Amino acid sequence: MSKSVIIIDDDEDTVRLFSEFLEEKGINIVGNGFDGVTAVKLYKKLKPDVTLIDINMPNGSGFYAIKKIQEIQPKARIIAVTADTTTATEEKLQKLNVIVVQKPFNIEHVISSINT
């Protein structure tokens, strides 16, 4: 059975591209949003297997959403997809036990991250 995934990124083109690529690979996209507050609402409602989330967004950053989602489900599978390559951001994500995929992303890397 394919994994259920929500995609959260403030760039609508990124969300659309992710959705198209992942659906072509048989991954079930159950929802998408464009800010951290929506990410938390979607997670509560849909309980996806994996959440793909950008870090730098308006109306609730990725860090805000990750912390809130982990309060709901401490073992939530979250993959941060970000262009922020600073050491500070990477260290914060590691402490939160979040997988990091750098933009521009390699779709095969994203798919293997979802499926492991």
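Leaving aside residues up to four places away in sequence, I53 touches I8, A39, G62, A65, I66, I78, I79, A80 and V81. Bear in mind that this is a predicted model.

Now for where I53 sits. Strand β3 covers residues 50-53. V50 and L52 point one way from the strand, T51 and I53 point the other way, and all of them are buried. On one pairing, β3 runs parallel to β1, with four bridges between the two. On another, β3 runs parallel to β4, again with four bridges. Here is who stands opposite I53:

| Residue in β3 | Residue opposite | Strand pairing |
|---|---|---|
| I53 | I8 | β1 and β3, parallel, four bridges |
| I53 | A80 in β4 | β3 and β4, parallel, four bridges |

Getting from β3 to β4 involves a helix: β3, α3 and β4 form a right-handed β-α-β unit.

Next, the packing. The largest nonpolar core has 19 residues, and I8, I53, I66, I78, L93 and V98 are the ones that touch the most other members. Two or more residues of this core come from each of β1 (4-8), α2 (36-46), α3 (62-72) and β4 (77-82). There's also a second, separate core of 16 residues, with F18, I27, I79 and I114 among them.

What about the rings? The count of aromatic pairs is zero.

How values were computed
Residues are numbered from 1 along each chain as its sequence is written. This is a predicted model: local features need pLDDT of at least 70, side-chain atom pairs count only at pLDDT 80 or more; totals for chains, interfaces and linings use all residues. Side-chain values use heavy atoms; hydrogens and water are left out. A nonpolar core is a set of buried Ala, Val, Leu, Ile, Met, Phe, Trp, Tyr and Cys residues joined through side-chain atoms within 4.5 Å. Buried means under 20% relative accessible area, exposed over 50%, partly exposed in between (1.4 Å probe, protein chains only). Contact means heavy atoms within 4.5 Å. Rings of Phe, Tyr and Trp (its six-membered ring) pair if their centres lie within 6.5 Å; planes under 30 degrees apart count as stacked, over 60 as edge-to-face and the rest as tilted. Two strands pair if DSSP finds at least two bridges between them. A crossover is right-handed if, with the strands pointing away from the viewer, the path from the first strand over the helix to the second runs clockwise.
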